[in-house]
Amino acid sequence: MKRFVRALFIGVTLGLLCPPSLPAEIFISNLGQAEGGGTAFNDTATRDATDFLTGPSATSIRGATLFMRNPDSIAHTFTLKLFTDNGSGTPGSLIGSFAPFTLPASPSYYSDCSTTSTGISLVANTAYWAVLQMNQNSVKNGAWWALTQTEATDAGSVFSTISTTGVKGSLNSGASWNDSGPPLNFQFSLEGVVVPEPATFVLTALGLLGILLVMHHQALSRSRLER
């Protein structure tokens, strides 16, 4: 009996602490939209930012892809970070960072650059900013993050762009921000998982409890038959 109680406790605890894994999905993407130029990174103080609005569920962002090119003579690493909106249409507080990614030197074309995170939590129906920085000063030419021609997103996007604000740029590491152009967006995508509601945890725990009770009942039945 003690073993059963212990197993029951472990099962319920695992059900509460380890919810079922969910497949990753793309929450927002405009990578399929027509490219409309871009803005350059020339040094480590440059920041470019594009905003978006989350959907009806809390999410955990695990990956991002950006459409970029690097005509410089050296490779550059970049770091993408997510910020809150400060309430007036510019980045506010840092909430999470992705792993640095490398863009090789001198490609004459744009290409997709991907990065990952351990999970950046976003709440539902809230504005956020994706902010990109270059980690080395340019030598000859700056690297570029592509812009879209419109504010449209690809089919299936759960998050949306925000038509009232355009992309932002900073030349002083984000201390102040300026409009980098018309109200368009940088080309990017974000993927991750929906954060299960607490009720999902409870249902998982109850399911494990039911399985354990059935196993216990079967074990008792076998024990009686063997006597």
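Which residue stands opposite A49 in strand 9? V131 does. The close-ups below show a predicted model, in which local features need pLDDT of at least 70, side-chain atom pairs count only at pLDDT 80 or more, and totals for chains, interfaces and linings use all residues. Residues are numbered from 1 along each chain as its sequence is written, and side-chain values use heavy atoms, with hydrogens and water left out.

**View 1. Strand 9 and its two partners.** Strands are DSSP runs of E with at least two residues, numbered from the N terminus. Two of them pair if DSSP finds at least two bridges between them. Strand 3 (residues 47-53) pairs with strand 9 in the antiparallel sense, over seven bridges. Strand 5 (residues 76-85) also runs antiparallel to strand 9, joined to it by seven bridges. V131 has A49 opposite it, and K81 stands opposite V131 as well. Seven of the eight residues of strand 9 are buried. Buried means under 20% relative accessible area, exposed over 50%, and partly exposed in between, with a 1.4 Å probe and protein chains only.

**View 2. The nonpolar cores.** A nonpolar core is a set of buried Ala, Val, Leu, Ile, Met, Phe, Trp, Tyr and Cys residues joined through side-chain atoms within 4.5 Å. The largest has 29 residues. Those with the most contacts inside it are F52, I61, M68, F78 and L132. Among the elements that give two or more residues to this core are strand 1 (25-29), strand 4 (59-69) and strand 13 (188-194). Apart from it lies another core, of five residues, including A49, F83, W129 and V131.

**View 3. Around L132.** Contact means heavy atoms within 4.5 Å. Neighbours within four places in sequence are left aside here. The contacts of L132 include F41, L66, M68, F78, F101 and W145. T79 is on the list too.

**View 4. T79 in strand 5.** T79 has its place in strand 5. Is T79 buried or exposed? T79 is buried, because its relative accessible area is 10%. Beyond four places in sequence, T79 touches F98, P100, V131, L132, Q133 and N135. The side chains of T79 and N135 are joined by a polar contact of 3.1 Å. Such a contact is a pair of N or O atoms within 3.5 Å; within protein, one must be able to donate a hydrogen and the other to accept it, and residues adjacent in sequence count only if both atoms are side-chain atoms. The C-alpha atoms of T79 and F101 are separated by 6.7 Å, with the two residues 22 apart along the chain.

**View 5. T90 in a loop.** T90 is placed in the loop between strand 5 and strand 6 (91-97). T90 counts as buried because its relative accessibility is 15%. Leaving aside neighbours within four places in sequence, T90 is in contact with T84, D85, W129, K168 and W177.

**View 6. Two positive phi angles.** Most residues other than glycine have a negative phi. N125 is not a glycine, yet has a positive phi of about 50 degrees. N125 is found in the loop between strand 8 (111-122) and strand 9 (127-134). N125 is exposed, with a relative accessible area of 54%. S173 has a positive phi of about 60 degrees, and is not a glycine either. The loop between strand 11 (168-170) and strand 12 (178-179) holds S173. S173 is partly exposed, at 44% relative accessible area.

How values were computed:
Helix = DSSP H or I, 4+ residues; strand = E, 2+ residues; numbered from the N terminus.
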